[in-house]
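Let's walk through this fold together, beginning with the sheet and moving on to the helices and aromatic rings.

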Amino acid sequence: MLALALAFASFNVASAEEAPAQPVAAVDQLPQGQEVSDTVIELAGWVVATRDSEGYPFAIMDKAAAQILVFGPDGRLRGAAPGLFGSAVGDHSAPGIAGLALGEIPGKDRTTPAGRFVGGFGPSIDAGRVLWVDYDSSVSMHPTATGVPAERRAERLASPSPDDNRITHGCINVSPEFYEQIVRPTFEQGGVFYILPDTASLAETFPEFVQSLATAQRSDDGHAGPAHH
């Protein structure tokens with residue numbers, strides 16, 4: 001439960017005055033001993049402190065660690081779980097990719113884009129009603145399917161290492177249990193999705209967040225003591 005404790009610590013201070021205590025414990029499906037990065041913790045705190053999600057629930061996705069953390073509108077953690085992401089390393093969607101069938105997407109373009117996305121449930125051409133993370137690039141979040149047994153998606157989710165979690169065409173997969181218990185009810189009215197980059201800089205992906213970190217650092221340095229001339 002260390003990962004959840006770290007995540008709670010990031011936003012309880014910011015939201016304590018507004019969010020009533022929740023007796024229900026968050027769902028933790030992360031592999032035992034796997035921690036949440038400082039970047040994720042700081043980003044969660046920043047989203048709550050600045051109300052960047054505008055009162056909507058939000059999720060933070062760390063592609064490198066293959067982690068998904070889901071937060072309610074009050075900023076409290078609802079669940080953390082492993083996820084599957086695009087098989088190609090990269091942070092931008094190829095032009096016109098939304099118009100391609102899955103089998104037509106070149107391997108190098110099977111990326112999960114990074115950035116801040118406002119999404120929600122909506123219709124799709126071939127999968128019914130889905131949770132769109134980024135409709136323009138046709139990236140959705142859905143439970144793992146068993147359509148291609150050789151891909152071993154369920155086994156990849158269950159493995160303790162994030163190294164084998166890059167397998168999708170760009171969409172984000174979670175376990176059916178996590179999807180039904182946490183994802184579907186949380187984002188029924190839409191939400192905001194923050195996806196950390198693979199190769200792009202954090203400053204390029206989330207400029208306001210990085211600027212706030214820099215401002216806080218300068219403030220801390222300014223109280224470090226008198227300067228020596």
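Nine strands make up an open sheet of mixed pairing, ordered β1-β4-β3-β2-β11-β6-β7-β8-β10. Strands here are DSSP E runs of at least two residues and helices are H or I runs of at least four, numbered from the N terminus; two strands pair if DSSP finds at least two bridges between them. At the edges sit β1 (27-28) and β10 (172-174), each pairing on one side only. This is a predicted model, in which local features need pLDDT of at least 70 and side-chain atom pairs pLDDT 80 or more, while totals for chains, interfaces and linings use all residues. Residues are numbered from 1 along each chain as its sequence is written, and side-chain values use heavy atoms, leaving out hydrogens and water.

Look next at β2 (residues 58-62) and β11 (residues 191-195), which pair in the parallel sense over four bridges. Here Met61 stands opposite Ile195 in β11. Helix α2 (residues 38-50) packs on the sheet, touching β2, β3 (67-71) and β11, where contact means heavy atoms within 4.5 Å. The direction of α2 makes about 160 degrees with that of β2; axes are lines fitted to C-alpha atoms, for helices over the stretch in contact, and angles run from 0 to 180 degrees between N-to-C directions.

Now for the aromatic rings. Phe58, Phe71, Tyr194 and Phe206 form one aromatic cluster, with rings of Phe, Tyr and Trp (its six-membered ring) pairing if their centres lie within 6.5 Å; planes under 30 degrees apart are stacked, over 60 edge-to-face, and the rest tilted. The count comes to six aromatic pairs. Trp132 and Tyr135 form an edge-to-face pair, 5.1 Å centre to centre with 80 degrees between the planes.
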